[in-house]
Amino acid sequence: MALKDIKCFVLDMDGTIYLGNQLFDYTKEFLATAEQCGIDIWYYTNNSSKNAKFYINKLKKMGIVCEERKMLISNQVIIKHLLEHHQKSRVYVAGTQYLIDDFEEAGINVTDTDCDVVVMGFDTTLTYEKLVKACDFVRYGATLYGVNMDYNCPTETGFIPDCGSICQLVYASTGVSAEFFGKPSKHTADFIFEKTGYDKKSLAIVGDRVYTDIALGAYNGFTSILVLSGESSLEDVKNSDAKPDLIYASLKEISEDLKKIYKL
Ligand SMILES: [Mg+2]
């Protein structure tokens, strides 16, 4: 798929538009160029230790205005699934207060007794007690869900264990593998198309990580654009079965191409 056919970019955030708390110096220029070209911008993050409100605020502090509906997060995808398939369930959530707030706002029955669904988030407040509870419910037959499959989260001081690693621990103890909902799952692809209203020919995911961002497009039949400003390198592309349709050094080079295509 060519850049000229894209009408909507769904942007990953960390490593794509900023690194930690530092907005890339070309991001605003990229956003302005996309707007001039009439290309819609949405955001999607796998980071289930926070919620959409947190990220809208974070962008606001960086001088970027994002409408509430255009900030998508893995939390929303699993919530949709629970509302559709587990309406009467008692749900145990090993997650941060941000995640629990999202679940409670959506009307999900979050509790810690007799649970038939266990949800593991990227829980930066995880305790041994929470792990024991989660594993106990799973051992007694509860369905095990993980919000996002990332093994590590990059920070300014290096990697920290993310939801995928926490679920591996539950697997080691119970023998049960979690089903995941964030990128690159079909749940997330379906959610993005439903929310944005674009089709597979006109939407592209733009991100810095091969096994989540690029795999989302590659596994679900739509365009993925890798930027090399974050985690993944060309070496990672070589070693991955999920291949990006386009590779750019950063968003800066995408805006340069857009300016040529749209003759700006
Ligand atoms: Mg990223």
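Hi everyone, let me start with helix H8, residues 210-220: 9 of its 11 residues are buried, so the helix is largely enclosed by the rest of the structure. By buried I mean that 20 or more other C-beta atoms lie within 10 Å of the residue's own, while exposed means 12 or fewer and partly exposed is in between, with C-beta atoms placed from the backbone. Helices (H or I, at least four residues) and strands (E, at least two) are DSSP runs, numbered from the N terminus.

Two quick notes before we go on. This is a predicted model, where local features need pLDDT of at least 70, side-chain atom pairs count only at pLDDT 80 or more, and totals for chains, interfaces and linings use all residues. Residue numbers run from 1 along each chain as its sequence is written.

Back to H8, then. Its buried residues are Val210, Tyr211, Thr212, Asp213, Ile214, Ala215, Leu216, Gly217 and Ala218. And what covers them? The cover includes helix H7 (186-196), strand S12 (203-207), strand S13 (223-227) and helix H9 (234-238). Just after H8 comes Gly221, with a positive phi of about 75°.

Now let's zoom out. The chain splits into domain 1 (3-46 + 183-261) and domain 2 (87-180), with bounds from an automatic or database domain assignment. Taken over C-alpha atoms, the domain centres are 28 Å apart. Domain 1 gives 7 residues to the contact and domain 2 gives 6, where contact means C-beta atoms, placed from the backbone, within 7 Å. On the domain 1 side, the touching residues are 5 polar, 2 charged and no nonpolar. For that count, Ala, Val, Leu, Ile, Met, Phe, Trp, Tyr, Cys and Pro are nonpolar, Asp, Glu, Lys and Arg are charged, and the others, Gly among them, are polar.

Next, please look at the sheet. It is open, with 4 strands in the order S6-S7-S8-S11 and parallel pairing; strands pair if DSSP finds at least two bridges between them. Strands S6 (91-94) and S11 (179-180) stand at the edges with a single partner each, so one side of each has no neighbour in the sheet.

S6 pairs with S7 (residues 117-120) in the parallel sense over 4 bridges, and Val93 stands opposite Val119 in S7. Both faces of S6 are covered: Val91 and Val93 on one side, and Tyr92 and Ala94 on the other, are all buried. From S6 the chain crosses through helix H4 (residues 97-105) to S7, and this β-α-β crossover is left-handed.

Helix H5 (residues 128-139) lies across S6, S7 and strand S8 (143-146), at about 145° to S6. That angle is between N-to-C directions, on a scale from 0 to 180 degrees, with axes fitted to C-alpha atoms, for helices over the stretch in contact.

Finally, a few backbone details. A cis peptide bond, omega about 5°, joins Lys183 and Pro184, and Pro184 sits in the loop between S11 and H7. Asp114, in the loop between H4 and S7, has a positive phi of about 45° although it is not a glycine. Asp114 is exposed, with 10 other C-beta atoms within 10 Å. Lys263, in the segment after helix H10 (251-261), also is not a glycine and has a positive phi, near 50°. Lys263 is exposed, with 5 other C-beta atoms within 10 Å.

Methods: Contact = placed C-beta atoms within 7 Å. Right-handed = clockwise from strand over helix to strand, strands pointing away.
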